[in-house]
Amino acid sequence: MSIDFTLNSYQKRLQRIARDFATEILAPLVAEADADPDPQRAFLAMKGAYVEAYKLGFATGFLPRQYGGGGISNVDLQIVAEEIAAVDPGFATVLLVNGLALMPIAWFGTEEQRIKWIGEATSDPRGEYLAGWTVSEAPGSPGGTANFDHPGPMPAGISVVARRDPGRGEYVLDGMKYWPCNAGGWDLKGANVNVCVVRIDPTKGGKEGLAAVIVPRGAAGMNFKTPISKIGHRLCQNNVVTFHNCRIPEENVFAVGNGDLVISKAFTWSGPVAAIAAVGVARSAYEYILDWSKTYTGGGTRPIIHHQAVGYLLAEVAMKIEACRAMAWKAAHYLDLHDSEGHAVAAMAKVFCGETLFGAVFKAMQAMGVNALDRSHPVERFLREALVFPLYDAGNIGMQMRKIWGVMSAPGFDPRAIADSRPIRFDKSMEGAGLEAPLSDPQAG
Ligand SMILES: Cc1cc2nc3c(=O)[nH]c(=O)nc-3n(C[C@H](O)[C@H](O)[C@H](O)COP(=O)(O)OP(=O)(O)OC[C@H]3O[C@@H](n4cnc5c(N)ncnc54)[C@H](O)[C@@H]3O)c2cc1C
């Protein structure tokens with residue numbers, strides 16, 4: 001049977017362990033931390049739960065087994081991520097970002113880098129290890145994130161510059177990053193490592209001029225300001241990172257001239273995880289409100305579920321959750337089949353599920369009525385959490401939709417390949433969609 005949505009016994013066990021962790025260890029911490037106006041304190045309140053998650057393998061389980069990771073499949077990761085995100089998607093993001101940072105080393109790094117950096121990540125006896133994925137930039141810095149693949153030289157695209165100093169065998173980083181998760185670490189002195197995408201040649205566009213740099217904790221010249229205070233996902237730390245004459249050995253650099261491909265692939269790998277995280281949040285909203293609608297009468301004689309309007313609203317929510325879970329699993333399965341080369345389908349899942357389920361959470365709130373706004377219920381938080389999905393993890397409009405568009409626009413794109421789970425090649429000619437260089441420009445690739 002090649003199409004079967006039934007979990008096998010290993011997956012059921014994984015689901016139970018993740019659910020027990022989420023409900024017993026994570027859930028008791030969430031409300032108070034979410035209400036804390038200080039984002040760093042809120043993040044720090046999660047440290048004990050993180051250590052437990054690390055011990056259970058949730059912080060590194062997706063890293064390749066040969067370097068100490070758990071080597072779990074993308075599909076199995078879906079099962080864990082849904083359970084954790086159903087309780088707190090911000091905490092789930094902390095775990096996910098370890099993968100965003102370290103999977104690029106597995107795909108694009110040297111063997112020495114894999115052994116050293118992934119090996120360190122997977123062997124922390126204290127279970128506190130964090131990796132930062134340091135790509136996004138401040139508005140008007142100059143620079144930007146959505147246009148990382150812009151064909152023009154600086155100031156278009158990524159603006160943190162890493163200048164090569166061959167005399168000392170180093171790269172020298174200058175500039176500012178804004179938004180990176182985990183980057184500041186538990187003490188705002190740095191995650192164990194930051195994988196940072198930088199401009200190594202300001203005269204070149206984003207498809208030739210970017211690289212990735214592994215910046216270890218304690219690197220002189222890297223500093224962290226107060227983390228960003230957000231509407232949702234308050235339990236993950238989003239950082240303001242500055243680099244000033246920050247010298248990193250050349251051996252820490254990888255994907256020279258291919259930093260764009262690193263960004264494209266990392267945000268492909270994370271797409272189905274973001275999609276299933278949206279399922280988790282919508283599921284929690286739906287279950288809470290379904291329960292409410294079976295007991296609350298609204299002053300009538302029967303619980304409100306007996307009003308057809310309420311029943312239809314909740315039916316719509318339930319349909320959307322099921323459809324999105326199937327799509328997220330499909331995308332994850334596709335990534336398993338093709339070494340995470342699923343740039344279009346992963347982006348489709350991320351965009352579709354995030355957008356659909358933000359709407360679904362609102363519909364569920366409509367079914368509940370005005371009481372959904374009362375902060376003594378957890379429902380307003382579900383809406384704040386759901387709001388993040390279309391905007392984060394490579395925003396839907398500026399990045400993920402452009403990636404789908406770029407793949408589709410390529411000559412020879414086979415529109416049935418995704419349905420048939422056949423591979424779709426991704427290359428630089430598919431980046432930069434809608435930016436100054438036309439997609440058909442032979443120089444663009
Ligand atoms: C909880 C959370 C966790 C995050 N974790 C990380 C992390 O670990 N590491 C990291 O580096 N970043 C992280 N981010 C940032 C995140 O990845 C953003 O998606 C990323 O910064 C891009 O945002 P954006 O698309 O809004 O880009 P921006 O560059 O800010 O663009 C703004 C808007 O302009 C429009 N736009 C810009 N260019 C185009 C274009 N070419 N075509 C069409 N429209 C365009 C779009 O409407 C876009 O949404 C995180 C953010 C959040 C909220």
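Tutor: Domain 1 and domain 2 bury about 2500 Å² between them, with 71% of it on carbon and sulfur atoms. Buried area here is the accessible area (1.4 Å probe) that two parts lose on being put together, summed over both. In domain 1, Pro39, Phe43 and Trp117 lose the most area to domain 2, together 25% of what that side buries. This is a predicted model, in which local features need pLDDT of at least 70 and side-chain atom pairs count only at pLDDT 80 or more, while totals for chains, interfaces and linings use all residues. Residues are numbered from 1 along each chain as its sequence is written, and side-chain values use heavy atoms, with hydrogens and water left out.

Student: How many residues of domain 1 and domain 2 are in contact?

Tutor: Contact means heavy atoms within 4.5 Å. By that rule, 31 residues of domain 1 touch 26 residues of domain 2.

Student: How many salt bridges and polar contacts cross this interface?

Tutor: In general, side chains of opposite charge can pair when their charged atoms come close. A salt bridge is a side-chain nitrogen of Lys or Arg within 4 Å of a carboxyl oxygen of Asp or Glu; the rule finds 0 across the interface of domain 1 and domain 2. A polar contact is a pair of N or O atoms within 3.5 Å; within protein, one must be able to donate a hydrogen and the other to accept it, and residues adjacent in sequence count only if both atoms are side-chain atoms. Across this interface, 9 residue pairs are in polar contact, both residues at pLDDT 80 or more.

Student: Which helix gives the most to the side of domain 1 that touches domain 2?

Tutor: Helices are DSSP runs (H or I, at least four residues), numbered from the N terminus. H1 (9–35), H2 (39–44), H3 (47–56), H5 (89–108) and H6 (111–121) each supply at least two residues of that side. H5 gives the most, with 13 residues.

Student: Which side chains meet in a salt bridge elsewhere?

Tutor: Among them are those of Asp34 and Arg384 (2.8 Å, N to O). This pair links distant parts of the chain, 350 residues apart: Asp34 lies in helix H1 and Arg384 in helix H11 (residues 379–388).
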